Amino acid sequence: MMGTPVIQAPALEMLKLLDALAEFSAPGTGVTRLLYTSEWRRAQLFIQERMIGFGLDVTVDQVGNVYGRLQGANPEDKVILTGSHIDTVVNGGKYDGAYGIAAAVTAIHYLQQTFGHPLRTLEVVSFCEEEGSRFPLTFWGSGHVTGMYGGGEMATCVDAEGVSLLTAMTDSGFGVGSIEDDRDEHDRGTVGNRVGSRAMGLEAGARRSDIGAFVELHIEQGIILEKTETEIGIVQAIVGQRRYRIKVSGVANHAGTTPMMMRLDALAGLAEMLILLESLALEVGENLVATCGRLEVFPNTPNVIPGEVVFTLDIRHSEEEELGGFCDRTLSGFRETAIKRGLEIVVSLSLSTPPAPMDMKLCAMLESTCQKRGKSYRMMVSGAGHDAQLFAPQCATTMIFVPSQAGISHSPEEYSTPEALAAGLDVLTTMLYELAYV
């Protein structure tokens, strides 16, 4: 099949699917769908039913990633994979993750109906987890596909209720047998019969070595596309991250009887450190962001000088050398501040992920696609982490962004217009056609 087709993908079908997924949520504002909970299981079953209804071959791996496969005519060629994650943050929005799944299912259904089976196999994936909202780890789904996890984390990793990841996983039927049908009592317009064994059967393992390209469509979760009135963001790289837990210790003492020059005030020391952090970050420029997001003060009493503070740092940049250099300068400055004030400082690294450059050939394909489809676009860096960053070192990978209203995400106020979502679907569908059919 030659040339680029005129594609008008059925955006209404995608929007209905997105609305249906938002119904699978724990009580409360927004959407809460945490790994291995009832609402999470019902959402994954719903996706399986929809894939089966569209004629895709459905499988579920041992950690709960759901795949829908449209077999290609050339089985020796590697798979073209697209999709995103099904889990959410607590009280999140309905677009983060779910949009990439709904659009991928819709795009592959459209291509199948319009052009039949592709030359290269197309698959849509609903990753079981990415956010790290229930358990203190992230990318549990794509991390197994790419070999990031080995399984030893399951017994020691626990949620806020003390439930281990292993217990939650096995209670949901993963890793040890087949999945139970956990649909709620309401008919959501999906396949009427109970899901068959081909949807419920587990694969031998989650690790994949047959993926040739991964394409992830996602809302921007930032304000750049909206502010520049741009329809499509072509992601060139996902930033690397360093996260630290830092404890600064002084001496707690009476607020009224301890002279200012005789204090070992941990909180005052922290304040000086954060001013330094901001100053150094501004010197680097817009490609770097640095955040103190959590702060604990002890004893946290109005009439007592703080004797200890514990805080976090989240530092991100798209280039490893710049990221590492900034972290070294910042922590060195923190230690100098602590010495000057007579304080003790302990720094613990809790996360270190390298920047993930996207595949330049796929980025060029996306640029050409946007031009052919008449979509405005810009090259950009993703300041948030995504499943795509785990695939980037292993196969050709690219990301497509659409605007987020006011840049809001991880919130019930998260919103992207139907027009923005449809534009992303159009670009994704065209891209998948180019990769799988041409």
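Modeller: Gladly, and keep in mind that this is a predicted model. Let's begin with a helix pair: helix 1 (residues 11-22) packs against helix 3 (residues 98-115) at an angle of about 140 degrees, and their axes are 9 Å apart.

Biologist: How should I read that angle; which word describes helix 1 relative to helix 3?

Modeller: Angles over 145 degrees count as roughly antiparallel. Helix 1 is therefore oblique to helix 3. The crossing of helix 1 past helix 3 is right-handed.

Biologist: Which residues of helix 1 and helix 3 make the contact?

Modeller: Helix 1 contributes Glu 13, Met 14, Leu 17, Leu 18 and Leu 21. From helix 3 come Ala 98, Tyr 99, Ala 102, Ala 103, Val 105, Thr 106 and His 109. Sorted by class, this contact of helix 1 with helix 3 has 9 nonpolar, 2 polar and 1 charged residues.

Biologist: And what is the packing angle of helix 8 and helix 9?

Modeller: Helix 8 (residues 266-284) and helix 9 (residues 320-341) pack at about 150 degrees, with axes 10 Å apart. That value makes helix 8 roughly antiparallel to helix 9. Here too you can read the handedness: helix 8 passes helix 9 in a right-handed crossing.

Biologist: Which residues meet where helix 8 packs on helix 9?

Modeller: On the helix 8 side you will find Ala 268, Gly 269, Glu 272, Met 273, Leu 276, Leu 277, Leu 280, Ala 281 and Val 284. They meet Glu 322, Phe 326, Arg 329, Thr 330, Gly 333, Phe 334, Thr 337, Ala 338, Lys 340 and Arg 341 of helix 9. By class, the contact of helix 8 with helix 9 divides into 10 nonpolar, 4 polar and 5 charged residues.

Biologist: Which strands supply at least two residues each to the lining of the largest pocket?

Modeller: They are strand 7 (240-249), strand 9 (289-291), strand 12 (308-317), strand 13 (344-353) and strand 15 (377-382). Strand 15 provides the largest share, 5 residues. In terms of class, the lining of the largest pocket has 13 nonpolar, 18 polar and 9 charged residues.

Biologist: What does the second largest pocket look like in volume and lining?

Modeller: Its volume is about 640 Å³. Of the 20 residues that line the second largest pocket, Pro 136, Arg 243, Arg 294, Thr 312 and Ser 350 are the closest to its centre. Strand 7, strand 12 and strand 13 each give two or more residues to this lining, and strand 12 gives the most, with 5 residues. The second largest pocket's lining has 8 nonpolar, 6 polar and 6 charged residues.

Biologist: Which residues does a cis peptide bond join?

Modeller: Phe 298 and Pro 299, with omega about 5 degrees. Look for Pro 299 in the loop between strand 10 (295-298) and strand 11 (304-305).

Notes. Residues are numbered from 1 along each chain as its sequence is written. This is a predicted model: local features need pLDDT of at least 70, side-chain atom pairs count only at pLDDT 80 or more; totals for chains, interfaces and linings use all residues. Side-chain values use heavy atoms; hydrogens and water are left out. Helices (H or I, at least four residues) and strands (E, at least two) are DSSP runs, numbered from the N terminus. Ala, Val, Leu, Ile, Met, Phe, Trp, Tyr, Cys and Pro count as nonpolar, Asp, Glu, Lys and Arg as charged, and the others, Gly among them, as polar. On a 1 Å grid over the protein atoms alone, a cavity is a set of points where a 1.4 Å probe fits but cannot get out, and a pocket is an open set with protein on both sides within 12 Å along at least five of seven lines; lining residues have an atom within 4 Å of a point. Grid points are joined across faces, edges and corners, and a volume is the space filled by probe spheres set on the points. Axes are lines fitted to C-alpha atoms, for helices over the stretch in contact, and angles run from 0 to 180 degrees between N-to-C directions. Angles under 35 degrees count as roughly parallel, over 145 as roughly antiparallel, 65 to 115 as roughly perpendicular and the rest as oblique. A crossing is left-handed if the near helix is turned anticlockwise from the far one by less than a right angle, and right-handed if clockwise. Contact means heavy atoms within 4.5 Å.
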